[in-house]
Amino acid sequence: MTNKYLSWTLFTLLLVILLVAASLLSLTIGEASISLTDIPSLLQQKESMEYFILTQIRLPRIVLAFAVGGALSLAGAILQGIFRNPLVEPYTLGISGGAALGVAFVIVLGFHLTIGMFMLPLAGFAGAMTTILIVGVLGFLRGGTDINKMLLIGVMISFVASSAMMFLMSITTSENLHGIVFWIMGSLDEPNKMLIQITLYSALAGLLFSYLFARPLNALLLGQEKAAHLGINSKTTIRLLFITASLLTGICVSVAGVIGFVGLVIPHLIRLIAGSDYRFLLIGSFLGGGLFLILSDIVARTIISPNELPIGVITGIAGGILFIIVLNQSRNKKRHGI
Amino acid sequence: MASDYLKIEQLTCGYGQGFNLRKVSVSLEQGALAGIIGPNGSGKTTLFKGISGQLPTKSGHIHLHNTSLSHLKLKEKAKRVAVVSQFPDTADITVEDYVLMGRLPYREPFQFFEPRKDVVIARKYMRLTGVYGHRKKYLSQLSGGEQQLAAIAQALTQEPELLLMDEPTSHLDITHQVEILNLIQRLNREMNLTVLMIIHDLNLAAEYCDYLIMMKDGAIHTKGTPQEVLTYEKIEQVYDTVVVTQTNPLSGKPAIFLVSENILKEIQAKYGGIQR
């Protein structure tokens, strides 16, 4: 028992150290390379160009990458738990599809030019919330919690949303088309400080709130019925956690666009390395997701510098390959009974 | 009174307009080892689910020691009633973590680590059920019988008064069937644990249970001791199958034999029917 807690603590510490290291690396790397040892003195020179780059460009990006990566990965861990399905990720439930449709709608109608910079995130959030409302209301009908139905409805909404979006894209101007595609690909380039703060605080709040349900989530590994026999109110647990995960995803998508794969791969990686106990899985996924997105962002910013790759390209390729490697190794381990 | 420990009165529950129990009433004494028997579709599982709370009560009452089960909070209920389902749980968790989940009803919402006491209790029941040696293994690495034992260990870790089991031995070989039923019998005697289980095998039901509830078409056909319930007339009425009953020479409990169609025809031809 104590062994377990010790390894969780060590693993958490390791993730925190890696996070700090990755953040420092991310501060130094870029078009203007800044040496790590110069950072303290540069932070004193508030008029310098480097000061501006560090505090106004790189630091906000790191914070946003941490918050979005953490929140998406946390949402993935929660959803995989309540749906008892390893293939569920935050976007399976149609949340990203709904958000993208909302954004596409606003771009096609040209509202984003007239109403202001908050319009796109708001449209994305509204689209995401509409999807969640539909999935939630239909899934929670008549006092039940039919998780399979919710899942299927979510997938269907994804299809409907993507078709509707293709329709919008086919009738609009190429300039708008570019805007939509650019948004869908996802980006951590967010100039608005307030949006970054909102994302960070909601991610942390989501983490704290979901921790109240760490034990119920463990019991749900055995199914709703068994959890009920162990005294867990599985309906309430599933509903509250579904709403939490959906809100987190909705916020991330509206601020940073569709950044795929984090929510699917990171919880699985943590599970393969440290086991399925949600008492660690939640914090592990959160930190791991943040770390993964900070690293992915470094690669996306530097690999074809001075241009920037969409971060979704990196998360997909790196995440997928990393996952296959770890999966292969841990399966071998299990088969040989180690 | 002791005989009213678990008291089910006029219970109806079921699946919407479909299958429903028809006003089932039955009482168990504290410390009883009771079995629910009956053919497929007779309402055994419906009754079981009604008691365990998986199906809501439509009318009637279930009282455990004078408290209504449907009014108990899930958590309070889980401290008193434990359920072992027919299909063993499988998840990627270790046996020890799995058994420890039996202490969930005793946790406070913010209690993050399990108290020392819970670990002691879980280990005690892992030793008792014989899965202690497997505690570091994953559930999925155990055999079917071991998974069933782990499930029983988890149920015992809840420290319940009433243990409900849905066909605890249905897919096991005779070694494990007897091992598990002997364990249940021992727990029943030594810990005064009241056990109610669905059991398909009539011979095992006769041998191990001291009270049997025989269901037919959503109602109780007969209830009583195995000697009272398992007569060939009643079995033939309920199961619509020809059987021969005798007495187990060692235990004195009824033993039930099935007869093949060929033999039945031969006997019919020779004697004009079974001479009882």
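This is a predicted model: local features need pLDDT of at least 70, side-chain atom pairs count only at pLDDT 80 or more; totals for chains, interfaces and linings use all residues.

Me: What makes S2 and S5 of chain B edge strands?
Reply: The sheet is open, with four strands of chain B in the order S2-S1-S4-S5 and antiparallel pairing. Strand S2 (24-28) and strand S5 (67-68) each pair on one side only, and that makes them the edges.

Me: Why is H5(B) called largely enclosed?
Reply: A residue is buried if 20 or more other C-beta atoms lie within 10 Å of its own. In H5(B), 12 of the 14 residues are buried, so the helix is largely enclosed by the rest of the structure. Among them are Leu149(B), Ile152(B) and Leu156(B). The buried residues pack against strand S6 (81-84), helix H3 (95-100), helix H4 (116-129), strand S7 (162-166) and helix H6 (174-191) of chain B.

Me: What span does H5(B) have, and what is expected?
Reply: Helix H5 (residues 144-157) reaches 20 Å from its first C-alpha to its last, close to the 20 Å expected at 1.5 Å a residue. Glu159(B), which follows the helix, has a positive phi near 50°.

Me: Which helix gives the most to the side of chain A that touches chain B?
Reply: The contact takes 19 residues from chain A and 21 residues from chain B. On the chain A side, H11(A) gives the most, with four residues. By class, that side has nine nonpolar, five polar and five charged residues.

Technical notes:
Residues are numbered from 1 along each chain as its sequence is written. Chains are lettered from A and ligands numbered from 1 in the order in which they are written. Two strands pair if DSSP finds at least two bridges between them. Helices (H or I, at least four residues) and strands (E, at least two) are DSSP runs, numbered from the N terminus. The expected span of a helix is 1.5 Å times one less than its number of residues. Two residues are in contact if their C-beta atoms, placed from the backbone, lie within 7 Å. Ala, Val, Leu, Ile, Met, Phe, Trp, Tyr, Cys and Pro count as nonpolar, Asp, Glu, Lys and Arg as charged, and the others, Gly among them, as polar.
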